[in-house]
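I opened my notebook for another look around a structure. Here is what I looked up, entry by entry.

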Amino acid sequence: MKKFLLGAAISALMAGSAFAGDVGVSMANSDTFLTVLRKGIEKSAADASQPVVIEIADDDVNKQLSQVQNFIAAKVDAIIVNPVDTSATGPMTKLANDAGIPIVYVNREPIDVGALGAKGAFVGSNEVDSGTLETKEVCRILKEAGKTEAGILIMVGDLANQAAVMRTKDIHDVNAGSECGVKLNVIDEQTAGWDPVKAQDLMTNWIAAGHKPDAVISNNDNMAIGAINAMKAAGWDMKDVIVAGVDATQEALAYMKAGDLDVTVFQNAAAQGGGAVETAMKLAKGEAVTSPVWVPFELVTPANMDQYTTKN
Amino acid sequence: MSTNEIASPANVIGSKKRLPPEVSILGVLIGIAIVFEILGWIFVGDSFLANKQRLSIIILQVSVIGIIAVGVTQVIITAGVDLSSGSVVGLAAMVAASLAQTSANPRAVYPALTDMSPIWAILAGLGVGLLAGTVNGSLIARTKIPPFIATLGMMVSARGLAKWYTLGQPVALLDDSFTWFGKSFNILGFPLPLPVIVFLLVAVIFHIALTYTRYGKFTYAIGANPQAARVSGINIGGHLVKVYAIAGLLSGLAGVMTAARAASGQPGMGVAYELDAIAAAVIGGTSLSGGVGRITGTVIGTIILGVLTSGFTFLKVGAYYQEIIKGIIIVAAVIIDQHRQNKRKKA
């Protein structure tokens, strides 16, 4: 009985094994966003009749490295990696390059993006665009309302996260440049760690401190929603405050429909997954690819939100 | 100073002549608040404390931590630890939210179970917590593995379950009758949020249970001296299951309140809450070596965490510096408290 169970367990594990002709995929984890991306990979692979083997690295750098080594040992046609740690991609790039197997990084920009070699590429969205699109739209709405100066509060994501740092820098860059047209005065800038409850508490603390912002610019939708809930609880009219987020989640779109959220930005996870498969297949055939392959961020406002209700 | 001297439950429960030990930590709380008040007038030109909204948020933002900390305090008194609280919050929030969705959601987790009475969502969340806590307690009592390991296992598995439950998707669009439990009410012009009321109610119940009932006496006895407790006929295993089950139940309650406040359930909810709860208990005078601790102290410890968060935002302290300073203040608060208690003992 024990042997039978062991055999069953081994064959279950073997089901995930890669063979020559496959494309091996190693995903960092399976959160909401990366699940959409993974489905994008599965769909476009199925459409192109390209067999794929997908592994999840559970946010473990070493596990991901072993998965890549296993793919190389199985002589797959190409490898797609959604890196756990963008600063630890060097060893994986080297392993793939040495074996002559194409390697495509997706969604998270690897630190060696300029040195991926002829058989390496990065497919993703440019984080500079997300915060810039978000802030410019806030500027546009403020200008339309006839303002020349506006007070803003900034909600920052996890401080150790590149997207949080980049999107916050984008806000300051747009303000410093000539693109905004309205002078944004940053009343305060604090982290709420991507979390809606922490964001709700932060906003309530700001309200208690007497801050009256014209706009709240958040690094993601979750925190923007937390801010909206706090402002509503304090009896604020959401028409008086512009709230902006990033991600275009289903929940965020519901808040936008209700008139509470004004701006969000859509990152096309499925298109990134599809782009990664396409790029991997091209490289496997020996075609040249210009890296990085950018999948643009898209601005979502009440005017065009209906297009996005089924995308995420 | 022998350990038996502090750890004797008679010292903790019986002494009415001396001031209760949490008076000194209350002094630390008042001291921190006064520092913020003074800095407020100097740097912001405004009062820190004379603001109803701020007094309300100081407790509101830590009420979920406080609910967990009440359970964790009891676990630590038995010389144990519960690392699973944060993950159980996440799992309970997911399960409760999934039963509280409106039919307006085209992609509800259970399309047939929408627009239900919130009682089912709450019971499910509490049930998940109770179950997780009972498993923790039974593992510790039956297999004799250290509580650190048993609850570490639960921490990892419960977080995994929370993610698996909807395959990582957040559970959104919850019914108003459910989110009502996260809302605020104006009582005589003072904003009183429901999570705060629940937190204080839970604290009062377990303060009474620990101070005046047999349950409390057993809890202190097991933590102070397990051999003596066994000899005096206490069923240690059975009692530990109860203590961990209560801690789990309170984590489940915290999960329900979190989902109600955020009006959504997310698998990442409650990450590292167990550490804040342990910090609150320890700041409040609970000893990690067991046998010592009071709910009143834990409540004060919890409020200290809230005052720090609100105070930093009030003074616009940069986000990077907040965490650095917070860690130092937590350790300093405990050092000051212990120093004063030792001085009083010698006197």
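Two residues count as in contact when their C-beta atoms, placed from the backbone, lie within 7 Å. I keep that cut-off at hand for the contacts below, and I note at the start that this is a predicted model.

**Entry: chain A overall**

With that cut-off I went to the contacts in chain A between residues at least 6 apart in sequence, and found that 75% of them join residues at least 24 apart. I counted ten helices and twelve strands in chain A. Along the principal axes, the C-alpha atoms of chain A fill a box of roughly 65 × 50 × 35 Å. Of the 312 residues in chain A, 50% are buried.

I also checked the record. UniProt, in an unreviewed entry, places the feature "domain: Periplasmic binding protein" at residues 26-287 of chain A. Over that stretch of chain A I read 47% helix and 18% strand, and the end C-alpha atoms sit 23 Å apart.

**Entry: a cis bond in chain A**

Which form does the peptide bond from A:Ser291 to A:Pro292 take, cis or trans? I found that it is cis, with omega near -5°. I located A:Pro292 in the loop between α10 (269-284) and β11 (293-294) of chain A.

**Entry: where the chains touch**

I turned to the contact between the chains, which takes 24 residues from chain B and 27 residues from chain A. On the chain B side, α4 (52-77), α12 (236-262), α14 (295-314) and α15 (319-346) each supply at least two residues. The most comes from α4(B), with four residues. I sorted the residues on this side of chain B into ten nonpolar, ten polar and four charged.

**Entry: helix α9 of chain B**

I listed its buried residues as B:Pro195, B:Val196, B:Phe199, B:Val202, B:Ala203, B:Phe206 and B:Leu210.

**Entry: nonpolar cores**

I looked up the largest nonpolar core and found 151 residues in it. Those with the most contacts inside this core are A:Met155, A:Ala224, A:Ala227, B:Ile67, B:Ile68, B:Ala96 and B:Leu250. The largest share, 16 residues, comes from α12(B). I then followed B:Leu250: leaving aside its neighbours within four places in sequence, B:Leu250 is in contact with B:Ile67, B:Ile68, B:Val70, B:Gly71 and B:Val202. A second, separate core has 37 residues, including A:Leu34, A:Leu37, A:Ala45 and A:Val123.

**Entry: positive phi in chain B**

I reminded myself that most residues other than glycine have a negative phi. B:Ala272 is not a glycine, yet its phi is positive, about 70°. I placed B:Ala272 in the loop between α12 and α13 (273-283) of chain B. Is B:Ala272 buried or exposed? I noted it as exposed, because it has 10 C-beta neighbours inside 10 Å.

B:Lys316 also went into my notes, with a positive phi of about 55° although it is not a glycine. I found B:Lys316 in the loop between α14 and α15 of chain B. With 15 other C-beta atoms within 10 Å, B:Lys316 is partly exposed.

I located B:Ile149 in helix α7 (residues 147-165) of chain B. B:Ile149 is partly exposed, with 13 other C-beta atoms within 10 Å. From B:Ile149 to B:Gly27 I read 122 residues in sequence and 36 Å in space, C-alpha to C-alpha.

Next came B:Arg107, in the loop between α5 (85-98) and α6 (118-143) of chain B. B:Arg107 counts as exposed, because it has 12 C-beta neighbours inside 10 Å. How many residues apart in sequence are B:Arg107 and B:Ala228? They are 121 residues apart in sequence, and 57 Å apart in space, C-alpha to C-alpha.

Technical notes: Residues numbered from 1 in each chain as written. Chains lettered and ligands numbered in written order. Predicted model: local features only at pLDDT ≥ 70, side-chain atom pairs only at ≥ 80, totals over all residues. Nonpolar A, V, L, I, M, F, W, Y, C, P; charged D, E, K, R; others polar. Buried ≥ 20, exposed ≤ 12 C-beta atoms within 10 Å, placed from the backbone. UniProt positions renumbered as here; feature names shortened; annotations may be inferred. Core = buried A, V, L, I, M, F, W, Y, C linked by C-beta atoms within 7 Å.
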